Amino acid sequence: MKAKFSSFLQHKWSQVILFSVFIAVTSSALYFSQKSVVSFLLLLASLLVLHYMNLKKVTKWIVAAGLLFFLIPFASSGGPAFQSYMEVATMVGIYISMALGLNIVVGMAGLLDLGFVAFFAVGAYSYSIFATPQASNFMPFGVYPLGGESFWAFLIIGGICAAIAGVLIGVPVLRVKGDYLAIVTLGFGEIIRIVFNNLDRPINFTGGAMGISSVTPPKIFGIELVFPNQFYFVTLVILLFTIFAVLRLEHSKLGRSWKAVRENEIAAQAMGIPLVKTKLLAFALGATFSGMMGVVFAAKQAFIDPTSFTLMESFTILVMVVLGGMGSVPGVILGAAVVTVLNLQVLTELTNWVNQLSLNGIVSIPDALSPAKMQKFIFGAILVLFALYRPKGLIPSKNKIFDASKLKVSKKTEDIENKDSVVVENEKVQV
Amino acid sequence: MDILEVTNLTKEFGGLTANKDVSMNVKEGSITAVIGPNGAGKTTFFNMITGVYQPTAGEIKLKGQSIVGLKPDEVAKKGISRTFQNIRLFGEMSVIENVLVGMHNHLKTSLFGIFLSLPNTKKEELQAEQEAYRLLEYFELSHLINEKANNLSYGAQRKLEIARALATQPKLILLDEPAAGMNPKETKELTDIIKRMGKEFGVTILLIEHDMKLVMELSEQIFVLDHGEKIAEGNPEAIRTNPKVIEAYLGSAAVQ
């Protein structure tokens, strides 16, 4: 019976039918009911189910795109919580992108970076400074704030700024290894935050601890983007670009050289891989994705200050990578989604619920124990549990599977080639 | 013609002299062995050639060009590749990926090509994979291509290291105790492979080995190090009967 059931689940069409039913139920529940957090989360989880389905890659991507671009925004639009769902989804996208960036550094290249949020900050500030009157404090030419159209250019500029910051920090930092690297990056992460915190004197670059407010909203075709559901699509496009780029990188010459450096530096170098350059590239590319999302974050919040870029943020991103599975792209996506949803949705919902209970006088829980304040405790517990029971993360990284039959060159031509080359070499030796 | 010319190479670690005035010339296309007791400075010598250590004094020339002062990856680009005494594979990567890493410098694609997956990049990648597969076939590892390098048997790991080193298309390959830890059957196989490999890949082989049967069968020229100094050089027959070598290393049993 059990075997029959599992073979039924393995079958492609039964999977497709079950999946469609699942989506239909969750999305209609989300659309029609008033209070529908669970169905929203289940609908997001359908993407995970999709990952494990027995379908072709292309089909999966098309279905995922359909879900993300149409069904999820449409289904959430039914209730009053539409914008808050979109806000959560946008933040999930931003964090996934950052976690994927950090995954290049920590997961693939094996460089433990505890100051990763610094690059996010660089991206965020690069847009904020120029999209507010702030820039006129030090720029001799031009009119500031720049218009909302500049946002699109700043996606690239922010990425480049972050990449430059990555290289600048990387050059001194990459002289040390392992634990020392972690400490030094932690220091640099804090340095960047403190620099932004204090760069309001003598010339006011960053607004100091006051931060920068009323950042110009992005504009496209004359439409100003201000609502979370609009940013959702911006984030989604950048996120898909990021995933695409990371997947390409992973199985390229570069991805292999990162992994080689992670596995054994001395051997990697003996194979002709330049260590410093390879590590710097990991830093720079990881930072780029983070910087781009920094720009989106600044535009979405319309206000940034140094408190958004604390050490805790760096840890959060690292938790996402470790939880999901270091070096595994689907794992890191899942890890980032789980942690963000936990932070923004589950913990706040739980807090509301607990507050409700204590208001009704059923139980009284002191404010200090409210779930929203237990974030650090929960992260700590997650890390300990994963280190003990699932050290490779939710979805452990896998090597690419090569198909031997495609790599075989037909035997005859190969033999002829070999003979020729041997003859040529023999002649060389004799000469 | 000599592919490698080493003159008066000296390495001091603080007060300890690991290599002292070592000179040796390696003929192109030959198989040459470096032997000597443990602690004689053989691996240090290899490490200086490959740029892991910088010599205190002396000169190393590859095809007449000095390679002193180059970093290990630059030495690799010049055409010297190596294996390690304590195996250093990329353990979590698959067997074929290990070989593909060896081809790093022969893949010309740019970051741009990787992102856009340009036809050139794809073609180059496929060719590299086929080449890697062929190398693994040569070493009889082709049925293991998707296996993690860590999961391989000891002998297979040793062979994979040689395959990976060959993937860099070296002119000179340094094998640091390739038969260490192998059983007699594996050693015999390895001996055959090394013998063929030099000719078929057009590569000069310089090896450190303690297995005298392998050394005597393979090498055209043998250098003997003891306490960091070269005490003898010559063909296997001359080394076998050299009284200095017998005293320092071989022991009298080898003469019979």
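1. In this predicted model, the axes of H10(A) and helix H12 (residues 275-301) of chain A come within 10 Å and cross at roughly 110°. Axes are lines fitted to C-alpha atoms, for helices over the stretch in contact, and angles run from 0 to 180 degrees between N-to-C directions. Helices (H or I, at least four residues) and strands (E, at least two) are DSSP runs, numbered from the N terminus. H10(A) is therefore roughly perpendicular to H12(A); angles of 65 to 115 degrees fall in that class, those under 35 count as roughly parallel, those over 145 as roughly antiparallel, and the rest as oblique. The crossing of these two helices is left-handed, a term used if the near helix is turned anticlockwise from the far one by less than a right angle, with right-handed used if it is turned clockwise.

2. On the H10(A) side, this contact is formed by A:Leu254, A:Ser257, A:Trp258 and A:Val261, and on the H12(A) side by A:Leu275, A:Thr278, A:Lys279, A:Leu281 and A:Ala282. Two residues are in contact if their C-beta atoms, placed from the backbone, lie within 7 Å. By class, the contact residues comprise six nonpolar, two polar and one charged. Here Ala, Val, Leu, Ile, Met, Phe, Trp, Tyr, Cys and Pro count as nonpolar, Asp, Glu, Lys and Arg as charged, and the others, Gly among them, as polar.

3. On conventions, residues are numbered from 1 along each chain as its sequence is written, and chains are lettered from A and ligands numbered from 1 in the order in which they are written. Because the model is predicted, local features need pLDDT of at least 70 and side-chain atom pairs count only at pLDDT 80 or more, while totals for chains, interfaces and linings use all residues.

4. H10(A) also matters to the account of the two chains: with seven residues, H10(A) gives the most to the side of chain A that touches chain B. The contact takes 31 residues from chain A and 39 residues from chain B. Elements giving two or more residues to the chain A side include helix H9 (228-250), helix H11 (265-270) and helix H17 (411-430) of chain A. That side has 17 nonpolar, six polar and eight charged residues.

5. Among the contact residues are A:Ala118, A:Phe119 and A:Val122 of H6(A), and A:Phe154, A:Ile157 and A:Gly158 of H7(A). The contact has 11 nonpolar, six polar and no charged residues.

6. Chain A has 17 helices and two strands, and its C-alpha trace spans about 90 × 75 × 50 Å along its principal axes. Of its 431 residues, 41% are buried; a residue is buried if 20 or more other C-beta atoms lie within 10 Å of its own, exposed if 12 or fewer, and partly exposed in between, with C-beta atoms placed from the backbone. Among contacts in chain A with a separation of 6 or more, 76% join residues 24 or more positions apart.

7. The largest nonpolar core has 179 residues, and A:Ala99 and B:Leu136 have the most contacts inside it. Such a core is a set of buried Ala, Val, Leu, Ile, Met, Phe, Trp, Tyr and Cys residues joined through C-beta atoms within 7 Å. Helix H5 (residues 82-108) of chain A gives the most to this core, with 17 residues. Leaving out residues up to four places away in sequence, A:Ala99 touches A:Ile317, A:Met320, A:Val321, A:Val332, A:Gly335 and A:Ala336.

8. A:Ala302, in the loop between H12 and helix H13 (311-324) of chain A, has a positive phi of about 60° although it is not a glycine. A:Ala302 is partly exposed, with 16 C-beta neighbours inside 10 Å. B:Asn8, in strand E1 (residues 2-13) of chain B, has a positive phi near 50° and is likewise a residue other than glycine. B:Asn8 counts as partly exposed because it has 13 other C-beta atoms within 10 Å.
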